[in-house]
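Hello,

Here is the structure we talked about handing over. Please open it first, then read the notes below.

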Amino acid sequence: MMRALFAAPVALFAALIVFFAYGLTQDPSHIPSILIDKPLPRFDLPGLDAASPGFGSAAFGSPIARGEPKLLNVFASWCAACPQEHPMLGRIAAEGTPLFGLDWKDQPDAAKTWLAQLGNPYARIASDPGARTGIDLGVTGVPETFVVDGRGRVRYKQIGPITVDDWEKTLKPMLVRLRNEA
Amino acid sequence: MRGVAALVALLLAVPAFAVLPAEQLRDPALETRARAISAGIRCVVCQNQSIDDSDAPLAHDLRVIVRERLTAGATDSQAVQYLVDRYGSYVLLKPPLEPATMALWFAPLGFVGLGAVGVVLYLRRRVAGAAPPLSASDAAAADALLEDRI
């Protein structure tokens, strides 16, 4: 009885330590997306210039008109981490995943110059200088990448640049799964 | 002397406001409501600042959205809900009571309860373990010892 009473606070303290240690491994800048398993919010945006078409949420398919799973990558020419992610995006596009780009809070001309320098991995680019579509998507910063299934539902959100590990262990297997699901 | 002047200047300094004049609404009543709402919305870039305090460009965008909603006739809670629909209840600096925040709201009560159980157990043991009253002969012996001392 006595021993149990002394052990209780120690056990409680140990439990708290485990709880806080777990908390420390979590990145507070990763705000969970509330869009998961919900359809993309509706939008329809122009491209970077009159010659290049933009895209809208309809490009991602719907429950009636099923398409292929796609990636929606949010980027900007002013974004510091985007050049770091860029080679990865090139590889993803080359491996055959349709990659759509949302140029967020950016001047279309600046984005065009940026893409001319680094290369353009995107199938289509939509320009969102007013940031409203990004805000509808719950974007907190760039880069962010949404995995959208063939029915136009958001299935996953990657915050920050896609690393080789992210692609090979998370995104790529997920896309394979979604393709089989459709 | 210069030190004193610097101190006075520091005391007179007011904090810089993140809300830019161009964002503010003409209608003072709406603007007051917008300020009050913004003070409770977390800046998703800087996390522990409200959008009312933050200079982040996204905080600016969200402040403008709050004002647009109010101008369009939304109630305070509708304007807040507009942001919650996009960023989740995480944007609220005061966490709402919902399944995911149960632990946050009720853990303190639980800990107080645990403490109360501990106190009750301790007090009960103390009562149970209290020394029995002295017998007449023991009392006499103790008195004799005390007398000796004096």
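Start at N73(A), which stands opposite T145(A) in β6(A). Keep in mind that this is a predicted model.

The pairing behind that is between β3(A) and strand β6 (residues 144-148) of chain A, antiparallel over five bridges. β3(A) also pairs with β4(A), joined by five bridges, and these two run parallel. There, L71(A) stands opposite L99(A) of β4(A).

How enclosed is β3(A)? Six of its six residues are buried, so the rest of the structure largely encloses it. K70(A), L72(A) and V74(A) point one way from the strand, while L71(A), N73(A) and F75(A) point the other way. Both sets are buried.

Next, the helix. β3(A), α2(A) and β4(A) form a right-handed β-α-β unit. Helix α2 of chain A covers residues 82-94, which is 13 residues. From first C-alpha to last, α2(A) reaches 18 Å, close to the 18 Å expected at 1.5 Å a residue. α2(A) still has a kink of about 25°, centred on M88(A).

M88(A) is also buried, as are E85(A), H86(A), L89(A) and I92(A). An α-helix has 3.6 residues a turn, so residues three or four places apart point the same way. What do the buried residues of α2(A) pack against? They pack against β3 (70-75), β4 (99-104), α3 (108-118) and α5 (164-181) of chain A.

Best regards

Key:
Residues numbered from 1 in each chain as written. Chains lettered and ligands numbered in written order. Predicted model: local features only at pLDDT ≥ 70, side-chain atom pairs only at ≥ 80, totals over all residues. Helix = DSSP H or I, 4+ residues; strand = E, 2+ residues; numbered from the N terminus. Expected span 1.5 Å × (residues − 1). Bend = angle between axes of the 7 residues up to and from the residue. Buried ≥ 20, exposed ≤ 12 C-beta atoms within 10 Å, placed from the backbone. Contact = placed C-beta atoms within 7 Å. Pairing = 2+ DSSP bridges. Right-handed = clockwise from strand over helix to strand, strands pointing away.
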